[in-house]
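Dear colleague,

I am passing on the structure below, together with notes on what turned up when I went through it. Please read the notes with the coordinates open beside them.

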Amino acid sequence: MSAKPAIEGGRPVRAEFLPFHRPAIANAEIQAAVRALRSGWLTMGPRTQEFEERFRAYVGAKHAVAVSSCTAGLHTTLAAIGVGPKDEVLTSPLTFTSTAMVAVHLGAKPVFADVDGETFNLDPEAARGRLGPRTKAMIPVHHGGLPCDLDALAAMARANGTFLLEDAAHAFGASYGGKRIGAVGDATAFSFYATKPLTTGEGGMVTTDDGALADRLRSLRLHGISRDAWKRYTATGDWYYEVLDAGYKYNMTDVQAAIGLVQLRRAETLFRKRRSAAAYLTKGLRGLATVTVPRERRGSVHAWHLYPILIDVDRLRIDRAKFIEAMRAENIGTSVHFIPLHLQPFYQKAFGYRRGDFPVAERVYDRIVSLPLYPGLTRADLDDVVDAVAKIVAHYGG
Ligand SMILES: *Cc1c(COP(=O)(O)O)cnc(C)c1O
């Protein structure tokens with residue numbers, strides 16, 4: 001493959017741009033949303049209840065509480081367990097801002113521990129070093145859908161009296177030690193954002209086996225008013241309600257739940273497609289000396305939300321930013337997950353984090369690129385992705 005990269009004036013591998021992501025919305029989702037709209041019940045109601053019940057059963061948890069986003073789920077859960085000023089919440093710096101910002105909103109300090117350079121997940125040894133008497137909660141992130149080392153993290157959380165809240169925004173469909181993600185930690189928050197493995201446009205879910213916590217989450221997601229207060233709008237309901245808590249407006253709507261129910265029914269099919277697309281990419285890319293491909297770990301099932309590769313910038317004559325530009329010129333969309341939070345101005349200003357604090361996360365950040373991975377990709381699309389990567393690393397290869 002000695003073809004000239006498009007960014008150097010060569011022909012792009014494909015004529016039409018391949019977006020980094022396209023949601024897997026079919027006619028069934030569209031019709032379900034229309035039925036919900038025609039039903040006369042738009043906000044949280046029977047469809048949300050059914051979605052919670054089916055989601056709970058799917059992941060194998062005792063309770064599921066639907067919310068407006070994963071961010072809302074994380075925030076509500078931290079509030080429900082009483083996180084406040086003087087508390088610390090331990091998480092990965094290689095995540096989306098909301099994982100840490102929810103702690104900030106409750107007056108707590110986000111404390112980062114470095115990641116493992118191969119899994120991009122919290123390094124249990126690094127996490128152990130940051131656990132202390134103030135660590136009220138730990139939020140491991142299953143990066144890209146690859147489960148964290150939950151045995152190690154759960155053991156140290158338990159020993160420290162720390163609540164284990166998993167950020168499973170990427171991990172719907174993943175398993176760990178024979179259990180689905182959502183049935184492992186003290187609580188787990190999922191995202192149904194447009195790009196995530198199960199989508200309702202926007203939305204989220206918290207699962208837990210703790211009934212008291214689930215009750216508290218149900219109240220907090222809807223203004224802190226008495227449980228099932230939405231029933232007051234039904235024929236059997238009542239006009240009376242009580243505000244019991246400083247709650248939020250974080251409920252799901254029945255239009256979202258209607259879409260979610262269909263996505264949940266199609267979950268196995270969509271998962272198989274992502275998994276087989278990932279395997280196809282790996283087959284095409286693993287022979288390239290300057291590219292490291294993601295892999296599944298023994299004892300866990302990867303959700304394959306993302307396909308993050310590492311490019312060997314020490315041997316290539318381009319950096320990661322230029323690589324992304326070169327892919328764009330080949331008409332392939334890519335992304336970066338994530339810009340480490342300790343490099344973001346807010347976290348530096350508010351908490352004094354600096355470059356150099358988490359060297360593994362920084363090293364990963366300088367090399368990581370997420371390639372397109374979603375159910376709608378054809379073999380020809382995947383061939384184009386592989387050809388584009390191969391062409392670029394061959395041209396700039398060391
Ligand atoms: C997308 C994402 C979130 C936020 O999800 P929302 O549903 O958009 O709030 C949180 N954590 C991670 C790791 C994410 O990728």
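**Salt bridges**

The count of salt bridges comes to 16, where a salt bridge is a side-chain nitrogen of Lys or Arg within 4 Å of a carboxyl oxygen of Asp or Glu. Before going further, please note that this is a predicted model, in which local features need pLDDT of at least 70 and side-chain atom pairs count only at pLDDT 80 or more, while totals for chains, interfaces and linings use all residues. Residues are numbered from 1 along each chain as its sequence is written, and side-chain values use heavy atoms, with hydrogens and water left out.

One of these bridges joins Asp381 to Arg14, with the closest N and O atoms 2.9 Å apart. Because Asp381 lies in helix α13 (residues 379-395) and Arg14 in the segment before α1, the pair ties together parts that are 367 residues apart in sequence; helices (H or I, at least four residues) and strands (E, at least two) are DSSP runs, numbered from the N terminus. Both Asp381 and Arg14 are buried, a word that stands for under 20% relative accessible area, with exposed meaning over 50% and partly exposed what lies in between (1.4 Å probe, protein chains only).

In the bridge between Arg216 and Asp245 the closest N and O atoms are 2.6 Å apart. Arg216 belongs to helix α7 and Asp245 to the loop between α7 and α8, so this pair ties together parts that are 29 residues apart in sequence. Arg216 is partly exposed, at a relative accessible area of 30%, and Asp245 likewise counts as partly exposed, at 26%.

**Nonpolar cores and aromatic rings**

The largest nonpolar core has 51 residues, and those with the most contacts inside it are Phe51, Phe55, Met138 and Phe190; such a core is a set of buried Ala, Val, Leu, Ile, Met, Phe, Trp, Tyr and Cys residues joined through side-chain atoms within 4.5 Å. Two or more residues each are given to this core by α2 (46-59), β1 (63-67), α4 (97-105), β3 (109-112), α6 (150-160), α8 (254-265) and α12 (359-365), and the largest share, five residues, comes from α6. Apart from this core lies another, of 32 residues, which includes Leu18, Ala278, Tyr374 and Val386.

Leaving aside residues up to four places away in sequence, Phe55 touches Ala64, Phe172, Phe190, Phe192, Leu198, Met205, Thr207 and Leu264, contact meaning heavy atoms within 4.5 Å. Phe55 also belongs to a cluster in which ring pairs link Phe51, Phe55, Tyr58, Phe172, Phe190 and Phe192.

A search of the whole structure finds 16 aromatic pairs, counted where rings of Phe, Tyr and Trp (its six-membered ring) have centres within 6.5 Å, with planes under 30 degrees apart taken as stacked, over 60 as edge-to-face and the rest as tilted. Phe346 and Phe351 make an edge-to-face pair, at 6.2 Å centre to centre and 80 degrees between the planes. Phe346 is partly exposed at 33% relative accessibility, and Phe351 is partly exposed at 23%.

**Backbone points to check**

Most residues other than glycine have a negative phi, and most peptide bonds are trans. Here, a cis peptide bond joins His337 and Phe338, with omega about 5 degrees, and Phe338 is in the loop between α10 (320-329) and α11 (345-351). Asn331, which is found in the loop between α10 and α11, has a positive phi near 75 degrees and is buried, with a relative accessible area of 15%. Trp304 has a positive phi of about 50 degrees although it is not a glycine; Trp304 is placed in the loop between β11 (300-301) and β12 (307-311) and is buried, with a relative accessible area of 7%.

With best regards
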